[in-house]
Amino acid sequence: MGMWNFTSDGTDFSNVHRSYLGCNGCWDLSRSQMVAADVNGDGKDDIVGIYDYGGGLMGMWSFISDGTDFAGAHRSYLSCSGCWRLGQSQMMAADVSGDGKDDIVGAYDYGGGLMKMWNFISDGTDFAGAHRSYLSCSGCWQLGRSQMVAADVNGDGKADIVGAYDYGGGLMKMWNFVSDGTDFAGAHGSYLGCSGCWQLSRSQMFGRRS
């Protein structure tokens, strides 16, 4: 896999620069999710690559930007075997701790309507383990019927997660998962649409990182 930076001059992308080249046989994009995140808080967005090795083994790699290149790929997290599959996940960049460094929030669908969210907190280089920040009730949440976005909903400088859920029949509800710096302290129902009014398949939800 190679990564290329298209650098903006304010109007056009005036330069295409190859910023990273993986070793042969090392990376398959069909088994990956790439997320832009400033993991070291220097004001330059880095790239976090989430890679599914198969068998429920997932690794995260940080490609740290020096302003031009990504200075190598650093493995910042490795899950336990059998613990994580990208096809059952959504990964988001969000500074949930409010320290100026983007963390990664992983929402994981265990099946049977059980969803957990995990916070991978950045120390500037690594994600120092996965911390379970929210667990839904059984039968309550399916990622396939959801959109999750990061947004600082209460203005405290810590990114929260807003989850929009399609209950079917045009009924949609939004839930706020508010960060206390480590956990999401439960799901707060922040909006309920009228029946027949909203379908997520015809929608796009937007958030903004803090």
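Start by selecting residues 103-111 and 114-122: these are strands E8 and E9, which run antiparallel and are joined by seven bridges. Strands here are DSSP runs of at least two residues, labelled E and numbered from the N terminus, and two of them pair if DSSP finds at least two bridges between them. You're looking at a predicted model, where local features need pLDDT of at least 70, side-chain atom pairs count only at pLDDT 80 or more, and totals for chains, interfaces and linings use all residues. Residues are numbered from 1 along each chain as its sequence is written, and side-chain values use heavy atoms, with hydrogens and water left out.

Now pick Gly106, and you'll find Trp118 of E9 opposite. Slide along to the hairpin of E8 and E9: two residues sit between the strands, and Gly112 there has a positive phi near 65°.

Stay on E9 and colour by accessibility.

Click Lys116 and look across to its bridge partner in E10, Leu135. This hairpin has four residues between its strands, and Gly124 in the turn takes a positive phi of about 105°.

Jump to Asp183, in the loop between strand E13 (171-179) and strand E14 (184-192). Show what surrounds Asp183: leaving aside neighbours within four places in sequence, its contacts (heavy atoms within 4.5 Å) are His131, Arg132, Ser133 and Val178. Zoom in on His131, whose side chain makes a polar contact with the side chain of Asp183 at 2.3 Å; such a contact is a pair of N or O atoms within 3.5 Å, and within protein one must be able to donate a hydrogen and the other to accept it, while residues adjacent in sequence count only if both atoms are side-chain atoms.

Last stop: select Trp4 in strand E1. Trp4 is partly exposed, with a relative accessible area of 47%.

How values were computed:
Buried means under 20% relative accessible area, exposed over 50%, partly exposed in between (1.4 Å probe, protein chains only).
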